[in-house]
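Here's a quick look at one piece of a protein fold and how it sits among its neighbours. Have the sequence and the model open as you read.

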Amino acid sequence: MRAVAISLAACSLIAARAQVVKNQGYIPFGDAPINYRSENLDDPIARLQKQLDSGEVKLEYEAGRGYLRPVLLALRVPVSSQTLVFSKTSFQFPKISREKPRALYFNDDIYVGRVHDGPSLEFISFDPMQGAIFYILNDQPAEHPRFERAALDCVQCHVAANSTRGVPGVMLRSVFTSPSGTQAAGTPSYITGQDSALKDRFGGWYVTGSLGKQTHLGNASLPDTADYLTNYSDIVAHLVLAHQTQMHNLITQTNYQTRLALYAGKAAEVARRQIERPAEQLVRYLLFANEAPLEEPVAGTSGFAQEFEARGPRDARGRSLRDFDLQRRIFKYPCSYLIYSEAFDAIPQPAKDYVYRRIFEVLSCREQGPEFASLSAQDRQAILEILVATKPGLPEEWKEFVNHPDRAQARIDINPTIQKGN
């Protein structure tokens, strides 16, 4: 059976290897200019820990469910985002099974994993400059609960060229599994994103909701969910998760490569290529250029879709990048909501200029290359209008294009058509 699994927190399945790595103490990107070892962090978990230390926030332990619910509440992670997976991709893998799958929860900046009767909660929390930061929380009653950073083990799986684009990140992994949930010997592993066909997803996961006649590899029949926060493993949450994981990695990759190129003082043309290559990939993913279409409508049942859409922001016409389509694609307006994230805003110059320029070229219809053929003129106009109304800090050119279309069109007419970036 094929299984799809997201690796969260520490994922070292070979204890001896993990111990060697820990003794060596090697962490990729530990040196300047990235300084991944730095304790100067501003991710949601780091902020919550400061609130716990000051007494501003307290976590109340719940018998049978530990700190999970209060932590989700404190981090504003919706319970409706719950997805259940039995693939053994956690350092607590001995406790994961078909009968007791691992529960995953997420919002725009955080991923939370809980294994039934496991000793620790697992977290990936995104720092605007450093990307994925890995934590665990001892899930036993304590007077002063404390999140512990767990980088040494985690980055051995969570920094990989194919799965996380070579930076500390997060992934959806598709593998063939044995009945116990471990990867079958000699079988390949795949990375799942928004470009993956639905028929190849969800093996090893439980999936609730409706997909019409579309087939997938997941299990529609849930186990006993009395020990979980909800009775769902929502299809819409699955779709958002597949988009968001690689979007996070692309933002981090663009950030890192820009900082590395500027720090190295490379020749201008060499540095430009190093910066613009990941930035172009980011633009294409952000605008869903490679999205696998839905063949039939999809609907969730947990309330996740409604909660997700409610987080806005919206323009004067009530439109939001968080509005779902779920008829032929995930979102009604195909531009990633992570454009509002702190991590996106932290992309350093000149990559930020490149990203904004390329997005504007596409949305203003100056870019007519085949990569963005899935975006209709109506899609582009709507996305541009929504962003101008809701995204602070956009270039003035965007606002003028929306507010004075006649003048903007005159400028487009005298400019050559742009096919694509480098």
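What follows starts with the whole chain and then zooms in on one strand.

## The whole protein

Keep in mind that this is a predicted model. The protein has 422 residues, and 56% of them are buried. DSSP runs give 12 helices and 10 strands.

Take the contacts in the protein with a separation of 6 or more: residues 24 or more positions apart account for 68% of them.

## Strand 4, covered up

Now zoom in on strand 4, which runs over residues 110-114. This strand is mostly covered, with 5 of its 5 residues buried.

Which way do its residues point? Ile110, Val112 and Arg114 go one way, while Tyr111 and Gly113 go the other way. Both sets are buried, and that includes Arg114.

## The neighbour before it

Strand 3, at residues 102-106, pairs with strand 4 in the antiparallel sense, using 4 bridges. If you want a spot to look at, Tyr105 has Val112 of strand 4 as its bridge partner. The link from strand 3 to strand 4 is a hairpin of 3 residues.

## The neighbour after it

Strand 4 also runs antiparallel to strand 5 (residues 120-127), and 5 bridges join the two. Here Tyr111 has Ile124 in strand 5 as its bridge partner.

The hairpin between strand 4 and strand 5 has 5 residues between the strands. Check Asp117 there: it takes a positive phi near 60°.

Conventions: Residues are numbered from 1 along each chain as its sequence is written. This is a predicted model: local features need pLDDT of at least 70, side-chain atom pairs count only at pLDDT 80 or more; totals for chains, interfaces and linings use all residues. Side-chain values use heavy atoms; hydrogens and water are left out. Buried means under 20% relative accessible area, exposed over 50%, partly exposed in between (1.4 Å probe, protein chains only). Two strands pair if DSSP finds at least two bridges between them. Contact means heavy atoms within 4.5 Å.
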